[in-house]
Amino acid sequence: MAEGQKNTTVDKNELLEKVSALRGDGFRLAQIGCSALGNFEVNYSFDKDYNFVNLKLVVPRDAAEIPSISGVYWSACLYENEIHDLFGIKVNGMLMDYKGNFYRTTIKKPFEGKK
Amino acid sequence: MKKRTVIPFGPQHPVLPEPLHFDLAVENETVVEAIPSIGFVHRGLEKLIEKKNFLDYVYVAERVCGICSFIHGLTYCLAVEGIMKIAPPPRANYLRVIWSELSRMHSHLMWLGFTADAFGFENLFMNAWRIREKILDIIEETTGGRVIFGSCKVGGVRKDIKKDNLEAIVKKLKKYSPDIKEITGVFARDSSVKHRLVGTGILTGEDAYDLGAVGPTLRASGVSQDMRKLGYAAYKDIDFEPITEKAGDSYARCMVRIREIFSSIDIIEQAVSKIPEGPIETKVTGVPSGEYFARAEQPRGEVIYYAKSDGTEFLKRLRIRTPTFANIPALVKLLPGCELADVPVLILTIDPCISCMER
């Protein structure tokens, strides 16, 4: 039995508004994950009472910047530091910025992939 | 103003079986800030998905973790089955439940041993692992492996368990139950154990939920959330309630895991009594195209597998969010204010699985 899931693509400008609305509705942040495909795809996943909601943000490689949602969900800090350290995406406004020291990697931005 | 000192904790530390690093800012003996860093055992297992056939990758997924290996394999299968809309046969679903719960039991018993070892109770450590060994024997008898089960596959399972053997498993678990009660009773009542666990590392239910904590770390703070309630595999047919405690301290996290061991025995008993006859796999045809987030309850909490495919035998992307990663924000928040000597035990109480977290 596959779990029902709501998956929506969002624009960078409306991300914070949508995330804040989910927070207001009592959703918890389940994960933030990034994929380096043609462009970057950042998935913000939320859950409330076993209802799964995902917001997908497509980030172009030539403007690899996203706004931080750590002001809404503090736990987003770790996911955002991960995305910064592994994929090289700049995350603006992180409450806790480890400045590239969260992941100890010899190669910088190891998951960035081909441009 | 008190003098602030930064003490590096890990990646090598006597209580940590795996490498995790914290820079601990302390004032006298009190921790005021904890800054984590990881990346010491990264193995690139997510990347391998681009080179392994999606059916063959189950072998790799099982090796993400050496403790909750079966549930990693299962969640990967759930992700692919979610994309391909495959429904495994009912018998396979029940077998998946039985192996998942055996996995949970051996993981929790292992954690109890590690924790006893961390506060220097060697006898308790060895007794917890003595019982874990018996659970591993059952796993070996039914799958051929002790840690890596190799029994899950996309569309079902690879191996069946005969009726006599299923009944023998229940008999064995009932036989071990008093022994487990005796050992776990020491955790529950011994004054030296309680001295280290009661009242330390308190996480309120609100904080735990806000910080995205999962599994026993969340449930010990009174939040009833368990991904098995999603009803994947055959959990929809099993009568059970998530185990919760209210105190939110290290002792409560320990008690949740202890009670979950007995809950697992009950779940296995129910699964054995309800398992239907029939095939154990659905034939998989075609290749996956689409994306799906699969979720399951590991011993440490909710695991998420995100799989994306564009219609070839190789997935484009596999992203694994392990429960340990979800519990790190809670750990970062609960360490400040604790005594430096309590840090190792506090870290252990989230049951960190680092190689799992780093993939």
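Predicted model: local features only at pLDDT ≥ 70, side-chain atom pairs only at ≥ 80, totals over all residues.
1. For 115 residues, a compact globule would have a radius of gyration near 13 Å, and chain A comes out at 14 Å, so the two agree. Taken along the principal axes, its C-alpha atoms fill a box of roughly 40 × 30 × 30 Å.

2. The fold of chain A is built from two helices and six strands. Reading from the N terminus, the order is β-α-β-β-β-β-α-β. Of contacts in chain A that link residues at least 6 apart in sequence, 51% join residues at least 24 apart. As for burial, 39% of the 115 residues in chain A count as buried.

3. Now to where the chains meet. Chain A brings 25 residues to the contact and chain B brings 27. On the chain B side, at least two residues each come from strands S3 (30-37), S6 (289-298), S7 (301-310) and S8 (317-321), and from helices H2 (69-84) and H10 (323-334). By type, the chain B residues touching chain A split into twelve nonpolar, ten charged and five polar.

4. Do have a look at the nonpolar core too. The largest one holds 145 residues, and those with the most contacts inside it include A:Val42 from chain A, along with B:Ala79, B:Val80 and B:Tyr305 from chain B. In general, nonpolar side chains tend to be buried together in soluble globular proteins.

5. Leaving aside residues up to four places away in sequence, B:Tyr305 touches B:Thr75, B:Tyr76, B:Ala79, B:Ala294, B:Leu318 and B:Ile320. One of these partners, B:Ala79, is also listed among the residues with the most contacts inside the largest core.

Technical notes: Residues numbered from 1 in each chain as written. Chains lettered and ligands numbered in written order. Core = buried A, V, L, I, M, F, W, Y, C linked by C-beta atoms within 7 Å. Buried ≥ 20, exposed ≤ 12 C-beta atoms within 10 Å, placed from the backbone. Contact = placed C-beta atoms within 7 Å. Helix = DSSP H or I, 4+ residues; strand = E, 2+ residues; numbered from the N terminus. Nonpolar A, V, L, I, M, F, W, Y, C, P; charged D, E, K, R; others polar. Rg over C-alpha atoms; globule rule 2.2 N^0.38 Å.
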